[in-house]
Amino acid sequence: MAPHHPEDVGMTAAKQPAAKSPRRAVAAADRTRQPTEVRRRLIVEAAVPLIAERGYAAVGVRDVAAAAGVSVGTVTYHFGSVQEILSEAMVLHIERYYAELSEAAEQATSGAEALRLLVDALFTEDTDRHWRMWFDYWNAGEQGTDAAFSGGQAHRYETWHQQIRALAQRGVTDGEFDADDLDGFTVRFAALADGLALQRLRQAPPLSTQDARRHLNRLIETELGSERRSRE
């Protein structure tokens with residue numbers, strides 16, 4: 001990390017010809033007026049589409065700097081490593097994604113409808129990008145030793161499970177579902193969603209978004225719905 005603010009030392013990129021950094025259109029004097037949190041947010045926001053397009057391991061600090069329209073020195077001043085940038089970018093994307101899912105589910109008129117909306121939202125032609133980032137996030141947790149990162153990852157997993165369980169519990173309370181093992185259902189739902197997403201990305205064997213939804217809805221019906229009640 002640079003010992004001083006990059007604008008104070010002229011920035012490494014300033015020693016290179018201007019043609020090598022065409023994306024950096026903002027003057028240094030203007031950049032110094034931006035608060036630290038604004039600069040950090042700018043850099044993190046720029047990293048999200050890079051990860052989605054190339055994958056976590058293929059993005060470097062120079063890539064992020066170019067996408068954000070800042071110098072490499074500015075990036076390294078605000079972040080201790082490229083892993084820190086990419087971790088924050090992935091967290092930002094994941095939090096937004098699941099916040100949108102939760103908001104849609106909360107607006108449903110019943111627990112059963114909320115779960116159906118959740119399934120529909122998990123698998124669309126646009127969610128492949130999310131799932132790529134989600135699995136990159138998994139891999140980053142396996143490879144890293146950062147306690148804060150691991151703790152944040154565990155918290156996100158726990159929150160996701162709580163959201164699934166809350167929707168199922170809502171259906172039980174409303175009399176739509178009948179279940180005596182909501183914790184077990186939650187684990188199986190989350191695991192099946194992850195497994196289907198991986199198969200969807202690998203296409204081995206081929207899996208359409210419609211079939212992915214069908215498998216999840218089948219789990220809901222079997223464990224919580226009318227099929228389960230008819231067996232009892």
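The model is a predicted one. The protein has 11 helices and zero strands. Of its 232 residues, 41% are buried.

**Overall fold**

- From the N terminus on, the elements run α-α-α-α-α-α-α-α-α-α-α.
- Take the contacts with a separation of 6 or more: residues 24 or more positions apart account for 70% of them.
- The protein exposes about 12300 Å². Carbon and sulfur atoms supply 51% of that area.

**The largest nonpolar core**

- The largest nonpolar core holds 60 residues. Leu118, Leu122, Phe185 and Phe189 touch the most other members.
- Eight elements are named as giving two or more residues to this core: α2 (36–54), α3 (61–68), α5 (82–106), α6 (111–122), α7 (128–143), α8, α9 (182–202) and α10 (209–224).
- The largest share comes from α5, with 11 residues.
- Leu122 shows what such a core member touches. Leaving aside neighbours within four places in sequence, Leu122 is in contact with Tyr97, Leu101, Thr127, Trp131, Trp160, Phe189, Ala193 and Leu216.
- One of these partners, Phe189, is itself among the residues that touch the most other core members.

**How α2 meets α3**

- Two packed helices are described by the angle between their axes and the distance between the axes.
- The axes of α2 and α3 come within 8 Å. They cross at roughly 120 degrees.
- This crossing of α2 and α3 is right-handed.
- On the α2 side, the residues are Leu42, Ile43, Ala46, Ala47, Leu50 and Arg54. They meet Asp63, Val64, Ala67 and Ala68 in α3.
- By class, the contact of α2 with α3 has eight nonpolar, no polar and two charged residues.

- Arg156 is found in helix α8, which spans residues 147–173.
- Is Arg156 buried or exposed? Arg156 counts as buried because its relative accessibility is 16%, and the cut-off for buried is under 20%.
- Which residues is Arg156 in contact with, leaving aside its neighbours within four places in sequence? They are Val91, Ile94, Glu95 and Tyr137.

Note on methods
Residues are numbered from 1 along each chain as its sequence is written. This is a predicted model: local features need pLDDT of at least 70, side-chain atom pairs count only at pLDDT 80 or more; totals for chains, interfaces and linings use all residues. Side-chain values use heavy atoms; hydrogens and water are left out. Helices (H or I, at least four residues) and strands (E, at least two) are DSSP runs, numbered from the N terminus. Buried means under 20% relative accessible area, exposed over 50%, partly exposed in between (1.4 Å probe, protein chains only). Contact means heavy atoms within 4.5 Å. Accessible areas come from the Shrake-Rupley method with a 1.4 Å probe; for residues, only the protein chains shown count as cover. A nonpolar core is a set of buried Ala, Val, Leu, Ile, Met, Phe, Trp, Tyr and Cys residues joined through side-chain atoms within 4.5 Å. Axes are lines fitted to C-alpha atoms, for helices over the stretch in contact, and angles run from 0 to 180 degrees between N-to-C directions. A crossing is left-handed if the near helix is turned anticlockwise from the far one by less than a right angle, and right-handed if clockwise. Ala, Val, Leu, Ile, Met, Phe, Trp, Tyr, Cys and Pro count as nonpolar, Asp, Glu, Lys and Arg as charged, and the others, Gly among them, as polar.
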